[in-house]
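Here's a quick briefing to read alongside the structure. Take a look at the fold first, then work through the points below.

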Amino acid sequence: MIKVTIKCFSQVKYAVGKDELNLELETGTSTLELENIIREKAKGKLDTVSLRIALNQKYIPIQTELKDGDEVAFIPPVQGG
Amino acid sequence: MIITPKELYDRISEFTVIDVRPEIQRSEFPMDGVDTIISKNGSIPNIEGLKVLVCQFGIVTEGMIIENELDDTYSLLGGAQAWIEFQSKKEDLSRWSRQTVLPEIGLDGQKKLMDGMVAIVGMGGLGCSAAQSLVTAGIGKLVLIDGDDVELSNLHRQMLHGEGDIGKKKVISAKESLSKINALTSIESIDVYLDEQYGLDLIQNCDVIIDATDNIETRQLIDRFSKESNIPMVYGGLYRWEGQVAVLNVNGSPGYNELFPEPPSGGDTCADAGVLGMLPNIIGNIQALEAVKLIIGIEPNLVGKLLMYDGMNHSTQIIKL
């Protein structure tokens with residue numbers, strides 16, 4: 001098992017009700033699988049929202065295997081101006 | 001009391017000018033074009049009539065006058081630095097002395113700003129704030145692009161529009177307010193929404209494009225024009241208590257399409273999600289700050305980075321793109 005911290009921004013924060021989550025995951029879990037877990041927690045509120053993922057404060061373009069202690073941020077686009 | 005270099009120049013015969021700087025500064029930056037009396041050890045000679053005190057940047061002398069309750073005494077705004085510039089170029093930059101004193105800005109940086117041109121797409125919350133900051137900083141030219149009208153519901157966050165402006169074009173209302181702040185800035189109001197047909201022409205010759213829109217489609221269009229014209233884009237976006245800023249497309253650095261690849265979805269407008277007026281003003285000011293850094297060439301900056309600010313707990317996070 002690995003422990004990761006999830007930073008939630010904008011719509012993600014409102015959808016899951018927290019700005020930070022600490023989760024214990026199966027070893028070998030990928031960022032894409034974690035995104036699906038977050039979307040499930042959001043109970044449909046993120047179904048129309050595209051998300052970018054940053055791993056340890058750096059954008060990652062493809063799914064990546066998570067390691068113990070990783071910090072993952074889910075970043076939605078924001079429109080307001 | 002303060003006096004600008006131009007005012008001193010125009011009324012030079014009325015004043016005794018007292019240089020309070022140490023000898024090393026007097027030698028390196030001589031006050032040409034004016035007869036000065038040298039202050040010894042910071043003491044002010046007892047001289048009848050109007051006096052002007054001069055230090056290097058005009059800050060020390062303002063303090064001296066207040067501290068010593070000196071009558072009939074002025075501080076030269078911008079100090080010897082501003083006087084020397086005025087003498088050589090007949091250009092009075094003293095109003096910006098509080099920022100030219102910063103070593104990263106200086107007179108050279110101020111001149112770059114005054115030669116600089118910024119396009120702002122969207123004259124709502126972000127755009128009003130960014131425009132106001134850039135004009136106060138002395139930007140040379142602003143191109144304001146927006147086809148929208150001022151509405152009552154805009155006024156809580158869009159500082160350049162007032163009650164009497166409701167129904168006016170935002171770019172016209174904004175120009176009227178900005179012109180009162182700094183008449184030296186040239187302001188072009190373009191009363192259309194940025195579109196495929198004319199968009200690229202509108203932003204040509206700008207140094208920076210500030211993305212202050214409220215929809216993803218226009219952000220993507222700005223990104224495309226930014227890439228095609230090789231003009232950096234300063235992206236800003238809001239969601240409730242949070243804001244994002246990134247500096248995009250600088251010499252091949254990531255753009256908006258790399259930040260949020262097509263087709264991004266989600267993210268409500270301020271009208272849909274709600275926003276407190278302070279948020280766009282904070283984020284718009286950060287956009288203006290990054291534009292100033294780009295024009296002057298100051299690092300570090302937000303090139304290739306996404307700044308996320310949360311106004312609820314005042315946390316910031318910077319993500320490398």
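Predicted model: local features only at pLDDT ≥ 70, side-chain atom pairs only at ≥ 80, totals over all residues.

**Overall layout of chain B**
- The C-alpha atoms of chain B fill a box of roughly 75 × 45 × 40 Å along the principal axes.
- Chain B runs to 321 residues, and 45% of them count as buried.
- Take the contacts in chain B with a separation of 6 or more: 63% of them come from residues 24 or more positions apart.

**Where helix 6 meets helix 13**
- Helix 6 (residues 106–114) of chain B packs on helix 13 (residues 278–296) of chain B at an angle of about 110°, and the axes are 9 Å apart.
- That angle falls in the 65 to 115 degree range, so helix 6 of chain B counts as roughly perpendicular to helix 13 of chain B.
- On the helix 6 side the contact uses B:Gly109, B:Lys112 and B:Leu113, while helix 13 of chain B brings B:Val292, B:Ile295 and B:Ile296.
- Sorted by class, that makes four nonpolar residues, one polar and one charged.

**Nonpolar cores**
- The largest nonpolar core holds 80 residues, and the ones touching the most other members are B:Ile120, B:Ala131 and B:Ile210.
- Helix 13 of chain B supplies the largest share of this core, with eight residues.
- Leaving out residues up to four places away in sequence, B:Ile210 touches a set that includes B:Val118, B:Ile120, B:Val234, B:Gln287 and B:Ala291.
- Another core, of 18 residues, lies apart from the largest one and has B:Val52, B:Tyr74, B:Leu76 and B:Ala80 among its members.

**Helix 4 of chain B**
- Buried residues in helix 4 (residues 79–89) of chain B include B:Ala80, B:Trp83 and B:Phe86, along with B:Glu85.
- The buried residues of this helix pack against helix 1 (5–10), strand 4 (50–54), strand 5 (73–76), helix 5 (97–100) and helix 6 of chain B.

- B:Asp72 isn't a glycine, yet its phi is positive, at about 55°; you'll find B:Asp72 in the loop between helix 3 (60–67) and strand 5 of chain B.
- With 12 other C-beta atoms within 10 Å, B:Asp72 is exposed, because the cut-off for that is 12 or fewer.
- B:Asn251 also has a positive phi, near 50°, and sits in the loop between strand 11 (242–248) and helix 11 (256–259) of chain B.
- B:Asn251 has 7 other C-beta atoms within 10 Å, so B:Asn251 is exposed.
- The peptide bond from B:Glu299 to B:Pro300 is cis, with omega near 0°, and B:Pro300 lies in the loop between helix 13 and strand 12 (305–310) of chain B.
- B:Tyr193, in the loop between strand 8 (186–190) and helix 9 (199–203) of chain B, has its C-alpha atom 4.7 Å from that of B:Gly147, although 46 residues separate them along the chain.

**Contact between chains A and B**
- The contact draws 20 residues from chain A and 31 residues from chain B.
- On the chain A side, helix 1 (10–16), strand 3 (52–55), strand 4 (58–59) and strand 5 (71–75) of chain A each give two or more residues.
- The chain A side divides into nine nonpolar, eight polar and three charged residues.

Definitions and conventions:
Residues numbered from 1 in each chain as written. Chains lettered and ligands numbered in written order. Axes fitted to C-alpha atoms, helices over the stretch in contact; angles between N-to-C directions. Helix = DSSP H or I, 4+ residues; strand = E, 2+ residues; numbered from the N terminus. Parallel < 35°, antiparallel > 145°, perpendicular 65-115°, else oblique. Contact = placed C-beta atoms within 7 Å. Nonpolar A, V, L, I, M, F, W, Y, C, P; charged D, E, K, R; others polar. Core = buried A, V, L, I, M, F, W, Y, C linked by C-beta atoms within 7 Å. Buried ≥ 20, exposed ≤ 12 C-beta atoms within 10 Å, placed from the backbone.
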